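Thanks for coming. I will go through one chain this morning, first as a whole and then at a few places in it.

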Amino acid sequence: MDDLFSKFDPLIEQRETLLKTGLTDPFNLVMEKVESPTVAVCNGKRTILLGTYNYMGMTFDPDVIAAGKKALDEFGSGTTGSRVLNGTYVGHRAVEQALKDFYAMDHAMVFSTGYQANLGVISTIAGKEDYIVLDIDSHASIYDGCALGNAQIVPFRHNDIEALEKRLKRIPEGAGKLVVLEGVYSMLGDIAPLKEMVAVSKANGAMVLVDEAHSMGFIGEHGRGVAEAQGVIDDVDFIIGTFSKSVGTVGGFCVSNHPKFEILRLVCRPYVFTASLPPSVVATAAISIRKLMDSADKRAHLWENSKRLHAGLRQLGFTLGTEEPQSAIIAVIMPDLEKGAAMWEALLHEGLYVNLARPPATPGNMTLLRCSLCAEHSAEQVDQILGMFAAAGRATGCIA
Ligand SMILES: Cc1ncc(COP(=O)(O)O)c(C=O)c1O
């Protein structure tokens, strides 16, 4: 009998070779205690967190915590059912209303994760006969949504407006077309030229879905994302988002003004055939979303942090994913996985946690140290982080 696991042998070998050098496993870190959105204890050491998606620092907000505790007391620990059966509580309706208010849109549908929101919406609206034109660097959940719906996938070069247009023009007349874009691409932290891309998509008769997972809460005047910042939010048909980043909990959603949107609740399998979010989770999400509406100061401070870190890392001699800071993600490009893992470990010893990202999650086979800033990082913490990068960079030979 063939062992179905033999296809993983190259990965197992690569991992074992790396760990044999005595390196701490970068994909197996345990947070022993979490003190705040920016500090945790890892391996017994107080560590600054620079690799979470807690952009707006909502996880320890006192109102958010109080709402979660109250819901736990009043509604119990879980719904034990699907949204279309016993799994819709007042809290699920309330968080959908908060989303409608946040985006000023007619419809909002909450899923159990952002992954499931992409999986569900994309696979349900684009089927076998339809075409999905998507940026080649799209998130795995977008690709999986395309695969689940069996649509024709037409990828185009990352952020290339002309390539998008060319692909759209080649699609047979009369076929259903969905263009899928992201506001912020999470590996390099770069943003999409949504203004131009949405215009090209509309001119060619396509519907547009934008995943704003990494921009919600932070980018745009009201934190609605890159589509808001670039003035095209009203032309976007569907916005996908998550509660696992700026909102500070777990869950996913889609908002839209499409008049037939609500039918998705009956036909979208990743919405119907899974349990709904626990009452405590939707309660924390609802209050967090409402507070994010009113967080202009935090957004401004997060931009300051992003600029400070970007400029400092550049000055130290690191190669970064973008010329200018475009989001709360600053990606440091490493020469290879070995150096990347060594640098990751050296930073951990300094007392800093960042994300090590490697292929296939990264574009162009890159190894990245992804730094994601939080609105709760102080300017002093950012300076401390830069000191840690300087020390770890010199110790590993990444910088002179
Ligand atoms: C662009 C993008 N979309 C969707 C998701 C999925 O979000 P969730 O963590 O809620 O499943 C992620 C998560 O990293 C993401 O980066």
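How many helices and strands does the secondary structure of the chain come to? It comes to 14 helices and 16 strands, where helices (H or I, at least four residues) and strands (E, at least two) are DSSP runs numbered from the N terminus. The radius of gyration, taken over C-alpha atoms, is 21 Å, close to the 21 Å from the globule rule for 400 residues, so the chain is as compact as a globular protein of that length. That rule is 2.2 Å times the number of residues to the power 0.38.

Before going on, the conditions. This is a predicted model, in which local features need pLDDT of at least 70 and side-chain atom pairs count only at pLDDT 80 or more, while totals for chains, interfaces and linings use all residues. Residues are numbered from 1 along each chain as its sequence is written, and side-chain values use heavy atoms, with hydrogens and water left out.

The C-alpha atoms fill a box of roughly 60 × 55 × 55 Å along the principal axes. Of the 400 residues, 54% are buried; buried means under 20% relative accessible area, exposed over 50%, and partly exposed in between, with a 1.4 Å probe and protein chains only. Take the contacts (heavy atoms within 4.5 Å) with a separation of 6 or more: 69% of them are between residues 24 or more positions apart.

Now to helix α11, residues 279-292. Its 14 residues reach 20 Å from first C-alpha to last, close to the 20 Å expected at 1.5 Å a residue; the expected span is 1.5 Å times one less than the number of residues. Is α11 mostly covered or mostly uncovered? It is mostly covered, with 11 of the 14 residues buried. Among them are Val281, Val282, Ile289 and Leu292. The cover includes α2 (62-75), α3 (90-103) and α12 (296-316).

Next, cysteine 268, in the loop between α9 (264-267) and α10 (269-272). Cysteine 268 counts as buried because its relative accessibility is 0%. Leaving out residues up to four places away in sequence, cysteine 268 touches Met109, Phe111, Gly120, Val121 and Thr124. Glycine 248 is 20 residues from cysteine 268 in sequence, and their C-alpha atoms are 25 Å apart.

Last, aspartate 25, in the loop between α1 (9-20) and β1 (31-34). Aspartate 25 has a relative accessible area of 13%, so it is buried. Beyond neighbours within four places in sequence, aspartate 25 contacts Arg15, Leu19 and Trp344. Arginine 15 is 10 residues away along the chain, with 8.8 Å between the two C-alpha atoms.
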